[in-house]
Amino acid sequence: MFGRTIGSLNVYTRNSIRGAPRKIWQKSGNVASLSTGTPAPPTTPNPCGNNSFQCVSNHQCIPQAQVCDFLSQCPDKSDEASCGSCTFESGQCGWKDISTGRYNFHRFQGSSPGTGGPKGDHTTNSANGYYMLVEGASGLFYTRARMETVPFGATSPSCHVTFYYHMFGLGAGNMKLSVVNSNNPTDKTYVWSMTGNQGNGWHMGSADIGQLKAGYKLQFEALPYKTASPSDTGIKTSDMAIDDVIFNNCSPSQIFSNLSEYKMFLFPTLTPVFFNICNL
Ligand SMILES: [Ca+2]
Ligand SMILES: [Ca+2]
């Protein structure tokens, strides 16, 4: 009896074949792996301590706040490896499916199993590549597939994201991208949306994220469309897909190397002499 959704196990006796059962033993809920005698694995303490992150290759410790801040403090860039920028060739780079219905995002290689989906990924343009797939034939009406990143650090005003999407066929419903405050899910802003058949191929999408305080995450939603009308012809359900997500110019410290550059960003029509006069 192991897992979150375990119910109860009851043992009954009765004195005759039609007699009333009498419960003599019951066990309910998760009792872990008691039957095998296997103890739960010990939790490994963070060798860097709380609020720190250990780089994978050289075991260097950096502050947790530098994880997903769009700059690589670890030589192997492991602090930025699970923050959303992803070709999906070796993993999901922190993208996590949070779907609650039967539609969901999952990493997939090669030709999609349903209709309307890609024959290969965008990164390699071949059936060897991987991408994130929503299978149109598997879901129910009005249950959006959702996947999201972990919360990232503060972003610069020039922060934007590019990605490739695949929406082909009558069943290509709707796909959206939003930024969500991880501390307040109602603080959610849609930054991109696409509806309907976009033809057979990968297309680039992009969205401005802009300046955000730390703690926001990116979320894709996909809702395949299913038609019940006999007059509709063509592909009735469509697989939809995402590949090659890249964050661009998102680090606040990337775009302004010094104070005067920052002033010129704020007041682009003024000459540098002005700043000296007003001592800004
Ligand atoms: Ca970092
Ligand atoms: Ca790929």
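Here is a short tour of this predicted model, with what to select at each stop.

Before you click, note that residues count from 1 along each chain as its sequence is written, with chains lettered from A and ligands numbered from 1 in written order. Local features need pLDDT of at least 70 and side-chain atom pairs 80 or more, while totals for chains, interfaces and linings use all residues.

**Whole chain.** Colour by secondary structure: you get three helices and 14 strands, taken as DSSP runs (H or I, at least four residues; E, at least two) numbered from the N terminus.

**The sheet.** Select S6, S7, S14, S9 and S12, in that order across an open, antiparallel sheet of five strands; strands pair if DSSP finds at least two bridges between them. S6 and S12 (203-208) sit at the edges with a single partner each, so one side of each has no neighbour in the sheet. Now zoom in on S9 and S14, joined by seven bridges. There, His160 stands opposite Asn248 in S14.

**The core.** Next, pick Tyr131, Met132, Ala222 and Ile242, the residues with the most contacts inside the largest nonpolar core, which has 45 residues. Such a core is a set of buried Ala, Val, Leu, Ile, Met, Phe, Trp, Tyr and Cys joined through C-beta atoms within 7 Å; buried takes 20 or more other C-beta atoms within 10 Å, with C-beta atoms placed from the backbone. Strands giving two or more residues include S7 (130-134) and S13 (216-223). Domain 2 (51-79) and domain 3 (82-251) both contribute, so the core lies between them; the bounds come from an automatic or database domain assignment.

**Met132.** Finally, centre on Met132: leaving out residues up to four places away in sequence, its contacts (C-beta atoms within 7 Å) include Phe88, Trp95, Met147 and Ile242.

Note on methods: Buried ≥ 20, exposed ≤ 12 C-beta atoms within 10 Å, placed from the backbone. Contact = placed C-beta atoms within 7 Å.
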